[in-house]
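Let me put the model up on the screen, and then I'll walk you through it.

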Amino acid sequence: MSSNNAMANNIGFLLSDVSRLMRKAFQQELALLGSPLTLAQARALLIVARFEGVRQVDIADRLEIQPITLARLLDQLVALDLIERRPSPDDRRAYHIYLRPKADNHLQTIQLAGNKVKSVALAELDQDLLITQLQSIQQKLSIN
């Protein structure tokens, strides 16, 4: 088997490459919809929407970036009036992140872009089966 075929049939490579291509398509779709957000900003905003009040360090962990990198990213979202930092009642060095009302329109645009990419990427696939299988892999690997 050639090395190209071996890579094409490698589940890790495929998952990574599909993820990369979906991120690229998502960023392009955001731009087509007129969103000023970068992919990183959109991902951070989605995490805040899903886990309102999340600590900055937890966002950095979920995005797999360093806290200092996240701080700059959050500064940009604060400047756009999409999020706000509130001091942690338990740790004076920590902040919790909350959505601002202006974030709603951006979250709708993010949802539209995501739905478009998903409809193209998953056309002709059994989406329920794929989700179930990916959740099974996720669960098995999350046992640590």
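Let's start with a single side chain: Asp75 counts as partly exposed, because its relative accessibility is 41%. For the record, buried is under 20% relative accessible area, exposed is over 50%, and partly exposed is in between, with a 1.4 Å probe and protein chains only as cover.

Quick housekeeping before I go on. This is a predicted model, so to speak of local features we need pLDDT of at least 70, side-chain atom pairs count only at pLDDT 80 or more, and totals for chains, interfaces and linings use all residues. Numbering runs from 1 along each chain as its sequence is written, and side-chain values use heavy atoms, with hydrogens and water left out.

Back to Asp75, then. Which side chain does Asp75 meet in a salt bridge? That would be Arg85, at 2.9 Å, N to O. By salt bridge I mean a side-chain nitrogen of Lys or Arg within 4 Å of a carboxyl oxygen of Asp or Glu. The two ends are 10 residues apart and link distant parts of the chain, with Asp75 in helix 5 and Arg85 in strand 2.

The next pair is Arg100 with Asp81, at 3.0 Å, N to O. They sit 19 residues apart, Arg100 in the loop between strand 3 and helix 6 (103-121), Asp81 in the loop between helix 5 and strand 2. Arg100 comes out as partly exposed because its relative accessible area is 29%, and Asp81 is partly exposed at 32%.

Then there's Asp91 with Arg93, where the closest N and O atoms are 3.2 Å apart. Asp91 is partly exposed at 24% relative accessibility, but Arg93 is exposed, with a relative accessible area of 71%. There is also a network: salt bridges with shared partners join Asp81, Glu84, Arg86 and Arg100.

Okay, zooming out. The protein has seven helices and three strands, and along the sequence the pattern reads α-α-α-β-α-α-β-β-α-α.

The three strands make an open sheet in the order 1-3-2, with antiparallel pairing. Pairing here takes at least two DSSP bridges between two strands. Strand 1 (54-55) and strand 2 (83-87) are the edges, each pairing on one side only. Between strand 2 and strand 3 (residues 95-99) there are five bridges; among them, Ile83 partners Leu99 and Arg86 partners His96. Strand 1 and strand 3 pair over two bridges, also antiparallel, and Val54 has Ile97 as its bridge partner.

What packs on that sheet, touching strand 1, strand 2 and strand 3? Helix 3 (residues 39-50) does, and its direction makes about 95 degrees with that of strand 3. Helix 5 (residues 67-79) lies across strand 2 and strand 3, at about 120 degrees to strand 2. Contact means heavy atoms within 4.5 Å.

Now the surface. Ile11, Leu15, Leu134, Ile137 and Leu141 form a nonpolar patch, with about 470 Å² of accessible area together. Patch members need over 30% relative accessible area and no salt bridge; nonpolar side chains (Val, Leu, Ile, Met, Phe, Trp, Tyr) are joined within 5 Å, like charges within 9 Å. Areas are Shrake-Rupley with a 1.4 Å probe, and for residues only the protein chains shown count as cover. Helix 2 (11-32) and helix 7 (127-141) each supply at least two of the patch residues, and helix 7 gives the most, with three. Leu141 is in helix 7 and counts as exposed, because its relative accessibility is 63%.

Last, the overall numbers. The C-alpha trace spans about 55 × 40 × 30 Å along its principal axes. Of the 144 residues, 26% count as buried. The protein exposes about 10200 Å², with carbon and sulfur atoms supplying 53% of it.

That's my tour, so over to you.

Conventions: Helix = DSSP H or I, 4+ residues; strand = E, 2+ residues; numbered from the N terminus. Axes fitted to C-alpha atoms, helices over the stretch in contact; angles between N-to-C directions.
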